[in-house]
Amino acid sequence: MASILQSSLITCCSLTSSKRVINAAIHLPQLPNISLPPNIKTSRKQKLDHQQLILENNNTQILHDQQQQKYSNATIQLYAVLEAVSDRIEMHQNIGEQRNSWNDLLLNSINMITLTATTMSGVAAVASGEGATLLALKLSSALLFSAATGLLLIMNKLQPSQLTEEQRNATRLFKQLQTQIQTTIKIGNPSEEDVKGAMDKVLALDKAYPLPLLGAMLEKFPAKFEPATWWPSKKGKTQSKKMGKMKNGWSEELEMEMREVVEVIKRKDGEDYERLGNIALKINKSLAVAGPLLTGIAAIGSSFLGNGSSLAAFVPLLAGSLAAAVNTFEHGGQVGMVFEMYRTSGGFFKLLETSTESILGEKDLEKRENGELFEMKMALKLGRSISNLRELASKSASYRMEGAVEIDEFASKIF
């Protein structure tokens, strides 16, 4: 039994020994457990973050390029409109200077012709006999008075001073439009509506202040004074809704303030400029008729010189002198320019009225111009501070309330 145990022990030892030998024969060396330094881990993370950032930037750039491609056509069209506006500014400036020169040259020429003819009439009146000298003076004065009459008819029909004022106003308004288009482009992302609006404004200005004379010239002596209109008409109006809280700079108080300002413009400024415009129109019409009429009378009277009649000598002298004075007052005083100035000023207040009513008629407050910005623009256009504008609106509202109370009291007394 002991021998068996010994042999088994020897066998286990030999197996164990052989097992150790085999393990030593095929065992691979174990790699050391090496940990990465912290800076290598951080650089790896930074690299991944950098790649992700590049991917996000590429996506953003793609979206930006798509957006730019979407509005590039509108931007190009706006630049084309801007070029046309710049060309019109140059044209109106040049033509305005030319028509101002017309006014000066025609005024001086007609006055010189009229005064020369008047002088010849006076010499013919004191000349004795019926010789060739008297006949030459009579014919010369009659021809000069006739020429002055024809030139006055043309000048009074064209009204060069009024034409010059039209070109000045057109230049100023086209410069405003040029600034608006440039601002729209600089803000970015112009739309097709911006292009259409700019083109409509250009066409409206072309219609309000035409460049050619024949066939397109504005009526210089209309039957009634009407303010100038240089903005495109807007079709259709929407009703405004009531507001309680502030939204897009608008509130119920601000809307009431703007409505009161519009009422003041209608009641005060609009009526004043209409009255002054009608006065200037009547004066201009009277002077335009009086000038050629006087030179015509002088031309007829000069043909009767030398007949021994004191009246025949008196008529051409008096008519010629008055014609020179009337012509100087009309065109030297630029009465036509004054009429055009009133017409443009009336149009300015009409534009404020129309634009304010259009904005207040918009239902969607987000589509309106910002209320605080609009209030500031309105105050600047009227030459007032914001506090003065609000004070004006409050006074107008109180005045209307007092008027309504007085009317109600008067009606209650009657009925």
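How many helices and strands does the protein chain have? Colour the predicted model by secondary structure, and the protein chain shows 10 helices and zero strands, where helices (H or I, at least four residues) and strands (E, at least two) are DSSP runs numbered from the N terminus. Residues are numbered from 1 along each chain as its sequence is written. In this predicted model local features need pLDDT of at least 70 and side-chain atom pairs count only at pLDDT 80 or more, while totals for chains, interfaces and linings use all residues, and side-chain values use heavy atoms, with hydrogens and water left out.

Next, select serine 161, which is found in helix H4 (residues 160–187). Serine 161 counts as buried at 2% relative accessibility, buried meaning under 20% relative accessible area with a 1.4 Å probe and protein chains only. Leaving aside residues up to four places away in sequence, serine 161 touches Asn103, Gln334, Gly336 and Met337, a contact being heavy atoms within 4.5 Å.

Then turn to the aromatic rings, of which six pairs are counted; rings of Phe, Tyr and Trp (its six-membered ring) pair if their centres lie within 6.5 Å, with planes under 30 degrees apart counted as stacked, over 60 as edge-to-face and the rest as tilted. Select phenylalanine 225 and phenylalanine 339, whose ring centres are 6.0 Å apart with planes at 80°, so the pair is edge-to-face. Phenylalanine 225 lies in the loop between helix H5 (192–208) and helix H6 (252–302), and phenylalanine 339, 114 residues apart from it, in helix H8 (residues 335–360).

Finally, select Tyr273, Tyr342, Phe348 and Phe349, which ring pairs link into a cluster.

Definitions and conventions:
Buried < 20%, exposed > 50% of the residue type's maximum accessible area, 1.4 Å probe, protein only.
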